[in-house]
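Hi there,

Here is the structure I promised to pass on to you. Please have a look at it first, and then read on for what I found.

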Amino acid sequence: MEPLKNVKLSTKNVNLYYGENHALKDINLDIATNKITAFIGPSGCGKSTYLKSLNRMNDLIPGCKITGQFLLDGEDIYAEGVDTNVLRRRIGMVFQKPNPFPMSIYDNVAYGPRVHGIRNKSKLDQIVEESLKAAAVFDEVKDRLNKSALSLSGGQQQRICIARAIAVQPEVILMDEPTSALDPVSTLKIEELMNSLKEKYTVAIVTHNMQQATRISDYTAFFLVGEMVEFGETEEIFSRPTDKRTEDYITGRFG
Amino acid sequence: MRNSFEHKLGKLNNDLILMGGMIEEAIASAITALRDNNAELAQKVVAGDMRVDDSEKSIESQCLSIILREQPVARDLRKVSAALKMVTDMERIGDNASDIAEISLMTDASSILRTVPGIQTMSEKVISMVSGAVDSFVRTDIELANKTITADDEVDDLFIENRNKIVELIKNDSCSGEAAVDTLMIIKYLERIADHAVNICEWVEFFETGEYKNTQII
């Protein structure tokens with residue numbers, strides 16, 4: 001594969017250890033701007049660890065040691081003096097289980113902008129509406145913005161979480177199995193949404209569902225026991241993988 | 001929901017319709033070129049076959065990509081698999097039209113065509129079968145597909161009839177051997193084109209009913 005043209009996030013020679021456990025082994029991987037990159041692989045392969053390290057969520061884990069570089073627009077996100085609050089505004093995250101805050105729909109989405117100092121009511125109204133629209137959930141909740149976000153269905157909650165991530169205008173959105181707790185219809189809605197999100201954002205997603213990776217992603221990386229085995233255009237990975245281990249995994253002949 | 005999938009299916013459908021238009025035109029022009037001994041038109045048909053080949057490749061690639069990325073089921077699965085099968089027949093029709101045009105460039109068969117009017121009748125029937133196949137796909141018209149399939153028997157009969165007439169001409173030494181042999185090939189190509197049109201119609205039926213040649217194959 002030719003080198004990617006517009007690289008948003010670049011990983012160079014990254015090793016990650018949880019104590020004695022060598023969880024990521026010499027990872028080199030580029031994530032392209034305004035594309036969806038999927039990380040696939042069996043449980044424990046390191047894909048979620050890798051995703052989390054992209055916005056320094058592993059910092060809080062005791063005994064976690066990282067070597068190598070993660071570059072966002074060429075700047076090392078682990079460099080001294082990097083404010084993780086600013087970093088996580090630029091690189092947002094959506095988790096496996098919808099985790100809206102126990103507050104109103106409005107306050108959920110306005111939370112980030114408020115933290116970042118926006119107090120003007122009409123400005124907040126505008127951000128909330130735009131974010132909910134971008135997350136394709138506005139029409140379903142516009143009449144009950146002051147109701148608790150926890151009163152919504154799982155699929156709606158997940159879209160609220162996506163709206164919450166969008167509200168701080170991130171550059172990258174990381175998604176850790178964002179649909180694994182959702183029914184098929186909600187899943188398709190989120191997938192359709194991701195497709196529109198990539199126009200404005202760079203998206204990286206961890207998924208256990210290989211069909212989902214083929215449906216939504218432009219690039220796919222296959223992880224196995226801490227190694228990034230193969231990376232390429234999604235159609236290529238799923239039609240002509242070069243590594244036998246990739247082929248065995250995606251065809252269900254693994255192990 | 002699934003906007004991008006709908007978009008891909010829509011494009012696939014449009015491309016099949018465009019390709020159908022190309023082969024309809026190719027076979028009609030090939031016959032006209034042959035009848036009028038029109039070299040310019042024949043060359044156009046031969047050159048145009050490249051576009052048909054490109055369409056085939058593009059449609060195959062779209063189908064495979066849809067199967068890989070969208071995992072189509074039910075009607076969508078039937079659509080994509082029917083497209084993948086019928087595009088081969090469409091490409092063959094384009095090839096055979098081009099073959100007829102090539103022969104018309106080498107041999108003047110127009111005098112035999114005048115002597116054996118059954119060949120003109122046969123070619124008209126074949127053109128109408130190709131149109132019927134393409135239209136039955138465009139409109140998902142099962143009745144038209146069935147009508148087109150039935151018409152193949154007439155084409156087969158006309159093939160035998162015309163073949164016998166050509167054998168007569170050879171026996172009587174009333175045409176050049178070359179023209180006779182080439183015309184025999186032309187009517188064989190026409191007969192094959194009709195078979196391909198039938199195949200297309202059978203895949204149209206499969207798309208609509210799930211049955212291929214009256215058997216449920218999935």
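Let me start with one pair of residues: A:Tyr17 has A:His22 as its bridge partner in β2(A). Please keep in mind throughout that this is a predicted model.

That pair belongs to the antiparallel pairing of strand β1 (residues 7-18) of chain A with β2(A), which extends over eight bridges. Both strands are part of an open, antiparallel sheet of four strands in chain A, ordered β2-β1-β4-β5. At its edges are β2 (21-32) and β5 (75-76) of chain A, and each of these pairs on one side only.

Chain A also has an open sheet of six strands, and here the pairing is mixed. The order is β6-β7-β8-β3-β9-β10. β6 (91-94) and β10 (227-233) of chain A are the edge strands; each has a single partner strand, so one side of each is left without a neighbour in the sheet. From one strand to the next, the twist averages 20°.

Within this sheet, β8 (residues 202-206) of chain A is worth a look. Five of its five residues are buried, so the strand is largely enclosed by the rest of the structure. A:Thr202, A:Ala204 and A:Val206 point one way from β8(A), while A:Val203 and A:Ile205 point the other way.

Now for the helices. Helix α6 (residues 154-166) of chain A lies across β6 and β7 (172-176) of chain A, and runs at about 170° to β6(A). The axis of α6(A) also comes within 9 Å of the axis of α7(A), and the two cross at roughly 20°. That angle makes α6(A) roughly parallel to α7(A), and the crossing is right-handed. On the α6(A) side, the residues that meet α7(A) are A:Gly154, A:Gly155, A:Gln158, A:Arg159 and A:Ile162. Their counterparts in α7(A) are A:Ser186, A:Lys189, A:Ile190 and A:Leu193. By type, the residues of this contact divide into three nonpolar, four polar and two charged.

Next, the contact between the chains. Chain A gives 10 residues to it and chain B gives nine residues. On the side of chain A that touches chain B, two or more residues come from each of α7 (184-197), α8 (210-216) and α9 (234-239) of chain A. Which element gives the largest share of that side? It is α7(A), with four residues. The residues on this side of chain A divide into two nonpolar, four polar and four charged.

Is B:Met50 buried or exposed? B:Met50 is exposed, because it has 11 other C-beta atoms within 10 Å and 12 or fewer count as exposed. Its C-alpha atom is separated by 9.2 Å from that of B:Gly94, 44 residues apart along the chain.

Best wishes

Definitions and conventions. Residues are numbered from 1 along each chain as its sequence is written. Chains are lettered from A and ligands numbered from 1 in the order in which they are written. This is a predicted model: local features need pLDDT of at least 70, side-chain atom pairs count only at pLDDT 80 or more; totals for chains, interfaces and linings use all residues. Two residues are in contact if their C-beta atoms, placed from the backbone, lie within 7 Å. Ala, Val, Leu, Ile, Met, Phe, Trp, Tyr, Cys and Pro count as nonpolar, Asp, Glu, Lys and Arg as charged, and the others, Gly among them, as polar. A residue is buried if 20 or more other C-beta atoms lie within 10 Å of its own, exposed if 12 or fewer, and partly exposed in between; C-beta atoms are placed from the backbone. Two strands pair if DSSP finds at least two bridges between them. Axes are lines fitted to C-alpha atoms, for helices over the stretch in contact, and angles run from 0 to 180 degrees between N-to-C directions. Angles under 35 degrees count as roughly parallel, over 145 as roughly antiparallel, 65 to 115 as roughly perpendicular and the rest as oblique. A crossing is left-handed if the near helix is turned anticlockwise from the far one by less than a right angle, and right-handed if clockwise.
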